[in-house]
Amino acid sequence: MEPKNEEEMKTIVGKIEGKKKGFNLFMSMFNWYNEKYLHSSFISMMLSLDERYLKLFIEEIKKNDDKGNFCVEDFCKCDVFPNINDHAEKLNIDILITSKTTNKVIIIENKTFAKDRIVDGNPQLLGYGKKIIESAEFKNIRDEKNIYYVYLSLRGVFPSEKEEFKDKNLITISYDKNIRNWIKKCSGLETDDFKRSLMQQYLDMIDIALPAVKDILDLKRLVAGNLDDAFSMYTSEENKDVDFKDAMKHVMWHTIDDFITDLIKKMARIEGITFNIPISNGEYQINKTDLHQKITRMAHKQAGKADVQFNYKGESYNICFSSKGIELSIDGGKAKMIDDLSGINFCNFKCRKTFDMINKDEANIEIEKVIDKIKSKLNITE
């Protein structure tokens with residue numbers, strides 16, 4: 001690898017992994033994915049600790065209100081559950097904010113990587129809204145128009161059943177932007193050194209778990225342009241650069257995500273093939289809510305699988321990405337494998353063929369092979 005590329009790679013890896021050095025209370029006590037006892041507890045504690053923090057949080061929600069229905073002034077005085085005195089959730093809701101001056105509530109569903117659940121026959125957030133309306137404790141809330149459903153995720157994705165929220169007050173917020181911004185503003189107001197230190201440690205944890213996408217894509221670009229050297233660095237047992245190997249987990253995540261997304265887009269151009277997935281700006285997109293967790297497990301744990309369903313001539317099919325490679329099956333009560341599409345195993349980037357998928361050109365060649373096999377198996381001619 002040329003010295004300038006090697007130096008640039010070290011700089012980027014330093015940005016991604018640099019904050020792992022030193023002691024971090026949250027990372028020592030919790031797994032990053034612990035929604036309830038780490039993130040929801042910390043956020044609700046902050047909200048109930050200081051009215052200024054609560055106001056800043058309400059303003060952060062307002063930023064993402066696309067429909068323009070949310071009013072900050074409606075939540076100038078609030079109760080928060082759980083809180084610093086009562087750690088119990090209300091109606092199993094991750095974070096509940098109730099206005100003292102209006103008949104309005106904010107229901108926050110916190111999703112790091114867990115899948116959406118069904119509550120009383122409804123998508124999770126809507127199920128909680130139904131519970132609020134039926135609850136004797138919240139008898140002033142009987143109109144769903146007064147309920148704001150806030151879906152908090154890592155990068156600001158929508159709930160799985162997005163279409164069910166068409167006429168509801170749904171707002172999506174993210175750890176990546178909104179929680180980061182909020183904690184920074186709270187820290188700027190705080191005069192107590194201990195509290196400010198805790199806020200900084202929480203921010204550092206977010207930075208480690210969610211490094212800047214630009215830095216990850218810059219590292220992916222460098223690796224893609226230096227596959228031989230980068231592969232040697234990644235697989236060599238003599239290479240003690242743990243930070244590089246840890247940073248590569250994020251590159252792997254984007255490699256898998258890019259491959260699946262690009263495959264979907266190209267398949268969607270084939271007449272007769274349809275996907276039950278969201279469409280945004282005229283482009284097919286994967287349901288990130290469901291696939292984020294699966295892709296993360298594959299990239300970070302080298303285990304698990306990811307599935308994509310599609311339809312053709314009234315039949316449902318499934319493309320499965322796993323340690324077995326990429327397989328095509330008929331999607332039914334029990335999936336029946338009907339063809340091997342590729343030997344690419346996204347759970348193992350120590351395999352050179354998989355590692356090469358980091359390079360877009362190499363990935364596109366493999367995607368075309370996969371599409372040709374799908375066409376052949378389904379007797380599609382164009």
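Student: Before we start, what do buried, exposed and partly exposed mean here?
Tutor: Buried means under 20% relative accessible area, exposed over 50%, and partly exposed in between, with a 1.4 Å probe and protein chains only. This is a predicted model, where local features need pLDDT of at least 70, side-chain atom pairs count only at pLDDT 80 or more, and totals for chains, interfaces and linings use all residues. Residues are numbered from 1 along each chain as its sequence is written, and side-chain values use heavy atoms, with hydrogens and water left out.

Student: OK. Is Lys313 buried or exposed?
Tutor: Lys313 is exposed, at a relative accessible area of 71%. Its phi is positive, about 50°, although Lys313 is not a glycine.

Student: And where does Lys313 lie?
Tutor: In the loop between β11 and β12; strands are DSSP runs of E, at least two residues, and helices are runs of H or I, at least four, numbered from the N terminus.

Student: How do β11 and β12 pair?
Tutor: β11 (residues 306-312) and β12 (residues 315-322) are antiparallel, over seven bridges; pairing requires that DSSP finds at least two bridges between the strands. Asp307 stands opposite Cys320 in β12.

Student: What is the strand order of the open sheet?
Tutor: The five strands run β8-β11-β12-β13-β14, with antiparallel pairing. At the edges, β8 (273-274) and β14 (336-342) each pair on one side only.

Student: Switching topic: which peptide bond is cis?
Tutor: The one from Phe81 to Pro82, with omega near -10°. Pro82 is in the loop between β1 (78-81) and β2 (95-99).
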